[in-house]
Amino acid sequence: MTATVLYLGALGFRDVRRADQRPTAGIGLAAPGLLAQVDPSVRPASLRDVECLWLTAMTESARCAYFSLAGYADDARTGADRLGVPLFVLDLTGTPRPVNPAADTFDTDGA
């Protein structure tokens with residue numbers, strides 16, 4: 001989680017904190033205009049996980065990003081691409097690596 005907070009800070013997101021709403025899996029983070037989910041489980045994130053994050057972000061009028069240790073199920077990646085949700089995998093050092101086009105853009109554009 002710390003690596004994700006530092007990464008978001010480097011992209012220009014300020015005041016990153018634990019989100020008020022608890023996500024379906026993992027840990028929720030929030031910053032002005034952003035909701036992020038960090039999933040440290042050993043199972044790939046599901047389509048439901050990605051969709052729940054996206055829906056929560058829509059109700060907050062915020063962008064969102066998903067960070068997973070174990071990666072994503074195929075339908076989760078397809079759904080994220082359809083919804084424009086940036087997906088990242090945390091490597092062994094904790095560094096977020098973009099895994100879809102929305103994540104590449106997020107990584108480049110930042111806040």
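User: Which elements each supply at least two residues of the lining of the largest pocket?
Analyst: In this predicted model, the largest pocket holds about 340 Å³ of space. Of the 21 residues that line this pocket, A19, Q21, L35, T56 and E60 are the closest to its centre. The elements that each supply at least two lining residues are β2 (27-31), β3 (34-39) and α2 (47-59).

User: How do the residues of that lining divide into nonpolar, polar and charged?
Analyst: The lining of the largest pocket comprises 21 residues. They divide into 11 nonpolar, 6 polar and 4 charged.

User: Which strands are the edge strands of the sheet?
Analyst: The sheet is open and mixed in its pairing, with 6 strands in the order β1-β2-β3-β4-β5-β6. Two of these strands pair on one side only. The edge strands are therefore β1 and β6 (96-98).

User: Is the ring pair of Y7 and F67 stacked or edge-to-face?
Analyst: The structure holds 6 aromatic pairs. For Y7 and F67, the ring centres are 6.1 Å apart and the planes stand at 75 degrees. Planes over 60 degrees apart count as edge-to-face, so the pair of Y7 and F67 is edge-to-face.

User: How many residues apart in sequence are the parts that the pair of Y7 and F67 ties together?
Analyst: Y7 belongs to helix α1 (residues 2-10), whereas F67 belongs to strand β4 (residues 63-68). Both Y7 and F67 are buried. The parts that this pair ties together are 60 residues apart in sequence.

User: What kind of pair do the rings of F67 and F88 form?
Analyst: F67 lies in strand β4 and F88 in strand β5 (residues 87-90), 21 residues apart. Their ring centres are 4.8 Å apart, with the planes at 10 degrees. Planes under 30 degrees apart count as stacked, so the pair of F67 and F88 is stacked.

User: Is F88 buried or exposed?
Analyst: Ring pairs link Y7, F13, F67, F88 and F106 into a cluster. Buried means under 20% relative accessible area. At 0% relative accessibility, F88 counts as buried.

User: Which element of the protein chain has the highest mean pLDDT?
Analyst: The protein chain averages a pLDDT of 93, and 100% of the residues score at least 70. Among the elements, strand β1 (residues 17-18) has the lowest mean, 91. The highest mean, 98, belongs to helix α3 (residues 74-83).

Definitions and conventions:
Residues numbered from 1 in each chain as written. Predicted model: local features only at pLDDT ≥ 70, side-chain atom pairs only at ≥ 80, totals over all residues. Heavy atoms only, no water. pLDDT = per-residue confidence, 0-100. Helix = DSSP H or I, 4+ residues; strand = E, 2+ residues; numbered from the N terminus. Phe/Tyr/Trp six-rings, centres within 6.5 Å; stacked < 30°, edge-to-face > 60°. Buried < 20%, exposed > 50% of the residue type's maximum accessible area, 1.4 Å probe, protein only. 1 Å grid on protein atoms, 1.4 Å probe; cavity = no way out; pocket = protein on both sides within 12 Å on 5 of 7 lines; lining within 4 Å. Points joined across faces, edges and corners; volume = space filled by probe spheres on them. Nonpolar A, V, L, I, M, F, W, Y, C, P; charged D, E, K, R; others polar. Pairing = 2+ DSSP bridges.
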